Structures are given as structure tokens and as C-alpha cells.
Amino acid sequence: MKSLVVTTAISLLLAAPALAGKAFVSNERGNTITVVNTDTWEVETEFFAGHRPRGITVSPDGSKIYVCASDDNLVRVFDSTTYEELPSLPSGPDPELFILEPSGKRLYIANEDDNLVTVTDTETRTVLAEVPVGVEPEGMGMSPDAKFVVNTSETTNMAHFISTEDYKIKHNILVDQRPRYAHYTADGKRLFVTSEIGGTVSVMDIAEDGTPTVIGKISFEVAGVQPEWLQPVGARVTQDGKRLFVALGPANRVAVVDAQSLEVLDYILVGQRVWQLDFTPDEKYLLTTNGNSNDITVIDVAREKAIRSVQVGQQPWGVVTID
Amino acid sequence: MGRLSAALLAAFSWIAFAIPAQAIDVKAAVLRVDYPTLLPISRYDLRPDDLGFAGAALADEDNGTTGSFLGHTYETTTIATAPEEADSAFDALLAQGIRLIVVQARGEDLLRLTDKAAAAGALVFNAATGDVALRDDQCRGNLLHIAPSDAMKADAVAQFAVWKKWDEWFLISGSNPQDIALAEAYRTSARKFGVRITEDREFTDTGGSRRTDSGHVLVQRQLPTFTQGADDHDVVVAADGTDYFARYLSYHLWTPRPVMGSGGLVPTTFHAAHEAYGATQFQTRFEALTGRYAKPQDYNVWLALRVVGEAVTRANTADPMGVRDYAVSDAFELAAFKGTRVTFRNWNGQLRQPILLYDGSITVSVSPQDGFLHQVSPLDTMGLDRPESNCTAFN
């Protein structure tokens with residue numbers, strides 16, 4: 001605790017003019033977003049975010065929060081400072097997860113009930129395209145060069161590589177049961193796809209032209225935990241491409257993986273049914289949403305230790321942070 | 001601790017290379033035998049015309065979507081038949097060249113049809129009967145059981161009772177053959193998990209006017225006296241395979257106790273209010289397609305055809321024995337909205353699966369319960385384990 005206070009104080013000194021960072025947590029059952037101050041770890045406020053809010057992200061300038069309001073069949077938009085609601089975006093039915101391209105212009109949304117990925121223009125608020133994919137699309141990843149969007153379909157069990165030029169699927173890769181999440185390394189050379197029921201993370205190397213090649217699979221084991229409960233869901237890789245963190249759902253742990261050798265190094269105990277992850281922008285902390293204990297766990301990334309938990313709303317699902 | 005498995009890697013590379021696969025047109029069928037029965041106690045249990053078939057329609061959609069990326073198509077024929085016409089209906093399916101057949105029928109009919117299928121090299125999926133013998137010495141090498149056995153369901157109930165420390169049971173069973181078989185499953189479970197049946201009574205099926213306007217008046221007078229004077233018990237377990245009394249037990253017992261089994265807290269593969277483990281997605285897709293709530297039989301048929309789809313997708317085969325071999329192999333696993341992968345027992349062709357405990361409106365619990373351990377899979381704490389099954393057809 002003491003060391004945390006000291007670190008925080010130093011970081012405040014170094015980054016003198018910076019305002020307090022914030023984490024926005026979507027609460028699936030509470031229909032709200034909880035705002036957590038990432039310096040003090042106090043809850044600032046909680047506001048209505050539509051019905052069944054799940055996927056959550058932020059515009060590149062940090063000014064707008066986008067959230068998939070699954071049961072409202074649209075993407076709701078909020079001002080990240082005032083929390084006022086801004087005009088919504090069309091999303092297609094039952095949006096679950098989405099990814100915003102780096103320019104902030106196009107949003108790629110997985111429509112879980114309709115086997116579609118919807119592409120929405122965030123400026124004109126119109127649908128640009130609908131891409132048919134496998135059954136129960138969920139995970140959405142984007143290559144850093146923004147040329148490919150990867151969608152995972154939970155019942156078809158594929159990663160679909162969609163070109164952002166013509167919205168056509170260029171590659172389909174079968175992975176293990178119930179793929180939940182796809183995440184590229186910052187250099188775009190590697191892609192991780194988590195499979196919740198398969199209990200694995202598929203690892204693909206990505207060629208210059210975006211072609212994936214499966215190079216291996218990461219599996220997990222924790223003494224005293226039934227293998228069935230090790231269910232990989234959310235994942236994040238550090239900017240330097242060295243560490244992969246994988247949320248393991250009902251195992252209540254986040255796995256720490258060497259992202260190059262693919263060796264699992266450690267398991268960090270967090271809250272119950274850990275779902276999605278996000279780093280703070282300075283990558284000092286990793287936040288986990290814990291759906292069954294209604295809290296988020298704060299992990300010190302350098303020390304790879306959980307340092308505290310913060311109570312949020314009902315059934316936290318996704319999290320995004322801003323400076 | 002963690003590791004990268006070379007064996008898995010090898011298997012996986014093979015799968016990755018297997019795309020694009022060769023074109024396969026998969027033809028399957030669902031045969032449902034409709035037995036003459038009395039109306040159910042509850043209108044909620046009325047049999048829809050498309051019972052099971054609706055699950056096939058959803059499975060065709062799901063498999064077809066996946067198949068569209070691989071050049072595979074799926075087409076499932078559905079047939080409902082009277083018991084006396086079941087054989088000719090089944091022959092007609094075989095004559096059409098269909099070799100993957102999901103059957104909803106009672107044990108004896110299922111067995112006869114399965115043997116017919118064996119002669120034609122066809123694979124049968126049992127989507128309905130819980131008959132334990134079919135997983136035991138009456139098993140067949142061309143028969144995979146999607147429906148859980150009565151033993152699995154009884155064990156699911158028994159584990160929950162043990163977890164609750166309700167280890168003294170009052171067993172009330174019906175007098176029809178299915179009721180008697182079910183009661184035997186509960187007695188076996190009680191022995192297996194160290195539960196004592198302190199009272200064991202049969203509630204004889206004498207027929208009656210239970211659904212007439214004043215039926216409840218009689219029920220309210222008869223059941224308390226029937227259950228009077230039982231030895232001390234924590235819970236009443238009902239074995240009513242023919243649905244004539246168990247649903248009435250709650251609130252009409254002499255000694256107020258929870259009811260489990262065929263009434264009260266019921267073991268089931270699936271129900272329309274189940275929403276955990278992503279099941280909401282199954283429910284919404286099913287309801288959008290069919291305009292009604294899903295029944296366990298719909299789920300069973302869907303799951304049977306998903307097994308076929310998985311074999312076609314991963315092993316590139318729609319050959320009946322190819323599907324069977326892949327299904328019972330270590331490589332097979334399937335997500336089924338139950339929080340864990342489902343697989344087959346390679347000693348009797350039974351699908352391992354969690355059993356939901358359902359009170360008529362929500363999932364109260366899911367078995368296997370915490371603390372019931374097994375060297376292979378916690379799911380094998382329910383039903384006939386390898387040493388208990390006398391099945392040799394898979395050796």
C-alpha cells in the first residue's frame with residue numbers, strides 16, 4: 001500500500017500537468033458505466049449507459065466513450081468529461097464487442113444474434129457495410145496498420161480476417177471452442193485468439209500482407225483448479241510485445257504469458273469471473289472486470305501483482321481507460 | 001506450470017492446413033416417434049408439433065453458416081411417426097441414402113431402429129430416452145447418446161442433495177414401468193453417494209380426473225394422507241417417468257419438505273430460461289427462428305446435429321463411422337452453452353455434460369457439484385463410469 005502511494009506521488013511529479021486518468025467500466029446487468037479515477041482508485045460516478053452495456057471503447061482523442069448497448073441494438077456515445085449522452089450510432093442488432101480503427105472513423109461491430117459484423121461511420125453515423133461471418137460473432141481485433149479486422153465467431157469457432165478495403169473475408173482460421181477475443185501485438189506481427197471452452201489461446205504469426213499462420217497454442221493449468229474452469233476470455237499484450245495477459249473467467253485468475261516463447265509464467269488471483277482487460281494508457285496498470293464479484297482488480301504491470309480491487313456496478317463486463 | 005504442447009501443435013497445424021476443405025453435402029434426418037399419451041399435468045409441457053425438429057432447423061442454420069466458409073452444406077429431413085409406422089419410416093430414410101439419423105423414441109424402439117441402421121452402416125443419435133441399459137449391456141457401437149441417462153440425472157439430483165446435506169430421502173415412485181426404472185436409478189444414486197432412503201413408497205397410477213375443475217381438491221386431500229407417517233426425511237424425491245403425480249407433490253406433503261426429481265427441482269439438459277454460459281444467444285436465435293421457447297428435446301437434437309457439424313468441420317468427414325470415430329476421439333470437444341466442453345464417453349457413447357437443476361423458472365444449480373471429484377472428468381461422477389458400464393461395443 002505504502003509503495004503504491006509513493007509510486008503514485010512520483011508519477012504525479014513527473015507527469016506534472018496531467019489530469020487524473022479515468023477508467024470506464026460497463027456494467028452488463030446494472031445498465032450503467034462506472035467511472036473510476038485511476039490515480040486515487042476512487043469511484044467518481046456511475047451513470048446510465050443503456051440496456052445491457054458490454055463492449056466499451058474510446059475515441060482516439062479520448063473525448064468520447066462508445067458502448068455497445070446490446071439490448072437497445074445500438075452503440076451509445078458519451079462525453080468522457082461531462083458524461084452527457086451524445087447522438088447514438090447504428091450498430092445492427094445485439095452489438096456485443098467492437099473495435100474502432102486508429103483514425104476513429106470506422107467502428108467495426110460484432111452483432112451476436114445475426115452473424116454479422118456491421119461497419120459504422122462514426123462521423124456520419126451511418127452503416128457502411130454488413131459483413132456476414134460465422135455463428136455468434138464476438139471478438140474483434142484490428143491490425144495496427146488498420147488493414148484487417150479479425151472477428152471471432154463463438155459457435156463456428158473461426159477467426160475471420162476481414163479486409164477493411166473491400167469488407168471481404170480473406171482468411172478463415174479454425175480455432176478451439178468458443179473463441180472470445182482477438183488481439184494483435186503492437187507491431188502487427190502476431191495475433192492471439194482466446195478460446196473460452198477450448199481453454200486455449202491460439203497464436204498466429206502475421207505475414208507482411210496480413211496472412212496468418214498458426215504457430216502454436218497456449219494452454220493453462222493451475223494446481224487445485226479444475227481444467228474446465230480455465231476459460232480464456234479477454235487478453236492484452238504490452239506495447240513491447242513481451243507480455244501477454246489472459247483473463248481466465250471462472251478460474252478467477254489472469255495468466256501472465258511470455259508473448260514470445262509462449263510460456264505461461266504466472267497466474268494472478270483476481271476477482272470472480274474475470275472477463276475483459278485494459279491497460280492504463282501509461283501501461284502501469286492492468287484493470288480486470290470481474291463479473292461475479294462486481295469489482296475491478298488493479299494489477300501492477302511491472303510487478304505482475306494485483307494491488308487492489310474497486311467495487312463497481314452490477315456485473316462489470318468491459319473496461320477502457322483514458323489519460 | 002504452463003506449457004506449449006507439441007502434440008496439440010501438431011494436431012492444430014493439421015487442422016489449419018485442412019482449410020479450404022473439400023466440398024461435402026451433409027444429409028441427416030430426425031425421426032420422432034409420437035406415442036399416445038395423456039395430456040401433461042401442466043400446459044407448459046404440451047408437446048409442440050415441431051418438438052425436436054425446431055432444434056434441427058437451428059442446427060442446419062448454425063452448421064450451414066460455418067459450412068459456407070468451408071464448402072459444406074447441411075440438409076436435415078424431419079419425420080414424425082406413430083409407433084407402428086416407425087420401422088417403415090426409418091426404412092424410407094435409409095432408402096434415401098441418409099446415414100446420420102437422430103431418433104426421439106423409447107428404448108426398445110430405439111434399439112430396434114439402431115440395429116436396422118447398423119445393417120445399413122448408419123449412425124444413430126439418441127435424443128430422447130434416458131434408459132440406462134442402452135448405456136450398459138444393451139449399448140450399440142452405432143448409437144451415440146445425446147440425452148443424458150436416467151442415472152446421470154439421478155446422480156445430478158443426488159449430488160445436489162448431498163451438497164445440501166439432505167441425506168435422508170423419502171422416495172415416492174410411480175407404478176408404470178418407466179417410473180419403476182427411474183426409481184431404481186434414484187436408489188442406485190442414493191447408494192453411490194451415501195444417501196439413506198428412509199421411506200420408499202409407490203403412488204399407484206389409478207387414473208383419475210386430475211385436470212378437471214375440481215381435480216386440485218382431490219389432490220389436496222389425497223396427497224397429505226398418502227405421505228403421512230413417513231420416517232424422518234430431509235427431502236422428497238419423486239420418480240414419475242409418466243408425469244401423473246410428481247408435479248402435485250410440492251405444497252401437498254404431510255411433512256413440509258422440498259421436492260426433487262420428477263417434480264420440484266428437476267434435472268434437465270436445457271430449459272428456455274437458462275441464460276448462463278452464453279445460452280441467451282441460443283435462446284434468442286431459437287425463438288427468432290421458431291416463435292416459441294426451446295424444450296430439452298430441441299436442444300438435444302440441435303446438439304446431435306452440432307456433433308455432426310463439428311466432425312464435418314474438423315475431420316472433413318460425413319461418413320457415419322468417421323463421424324462416430326471423431327466424436328469419441330480425444331480430439332473432439334464441443335461448446336454447448338453449459339460452461340464446459342462436452343465430450344463423449346468412449347466406453348458407451350454417452351455424451352458427458354453438466355445437468356441443469358431447474359425449478360420451473362430458473363436454473364437453481366448445475367451438477368456436478370463442487371467437491372465431487374474424478375480422475376478423468378468431474379462430469380464422470382454422473383452416470384455409468386467406465387468400470388460400471390458393461391458396454392463392449394466401443395472396444
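Buried area is the accessible area (1.4 Å probe) that two parts lose on being put together, summed over both. The views below come from a predicted model, in which local features need pLDDT of at least 70 and side-chain atom pairs count only at pLDDT 80 or more, while totals for chains, interfaces and linings use all residues. Side-chain values use heavy atoms, without hydrogens and water, residues are numbered from 1 along each chain as its sequence is written, and chains are lettered from A in the order in which they are written.

**View 1. Domain 1 of chain B meets domain 2 of chain B.** The domain assignment (bounds from an automatic or database assignment) gives chain B a domain 1 of 15-148 + 271-353 and a domain 2 of 151-268. Their C-alpha centres lie 30 Å apart. Contact (heavy atoms within 4.5 Å) takes in 15 residues from domain 1 and 12 residues from domain 2. About 1200 Å² is buried between the two, 60% of it from carbon and sulfur atoms. On the domain 1 side, look for Leu39(B), Ile41(B) and Pro148(B): these lose the most area to domain 2, together 47% of what that side buries.

**View 2. Asp45(B) and Arg247(B) join in a salt bridge.** The term stands for a side-chain nitrogen of Lys or Arg within 4 Å of a carboxyl oxygen of Asp or Glu. Here the N to O distance is 3.3 Å. Between domain 1 and domain 2 of chain B, the count is 1 salt bridge.

**View 3. Phe125(B), Phe282(B) and Phe344(B) touch the most other members of the largest nonpolar core.** Such a core is a set of buried Ala, Val, Leu, Ile, Met, Phe, Trp, Tyr and Cys residues joined through side-chain atoms within 4.5 Å; buried means under 20% relative accessible area (1.4 Å probe, protein chains only). This one has 46 residues, and its largest share, 10 residues, comes from H9(B). Helices here are DSSP runs (H or I, at least four residues), as are strands (E, at least two), numbered from the N terminus. Leaving aside residues up to four places away in sequence, Phe282(B) touches Leu58(B), Phe270(B), Ala294(B), Tyr299(B), Trp302(B) and Phe337(B).

**View 4. Cys139(B) and Cys391(B) form a disulfide.** The rule asks for a pair of cysteine sulfur atoms within 2.5 Å, and these two are 2.0 Å apart. The link is right-handed, with 85 degrees about the S-S bond. Cys139(B) sits in the loop between S4 and strand S5 (143-145) and Cys391(B) in the segment after strand S15 (363-367) of chain B, so the pair ties together parts 252 residues apart in sequence. Both cysteines are buried.

Key: Buried means under 20% relative accessible area, exposed over 50%, partly exposed in between (1.4 Å probe, protein chains only).
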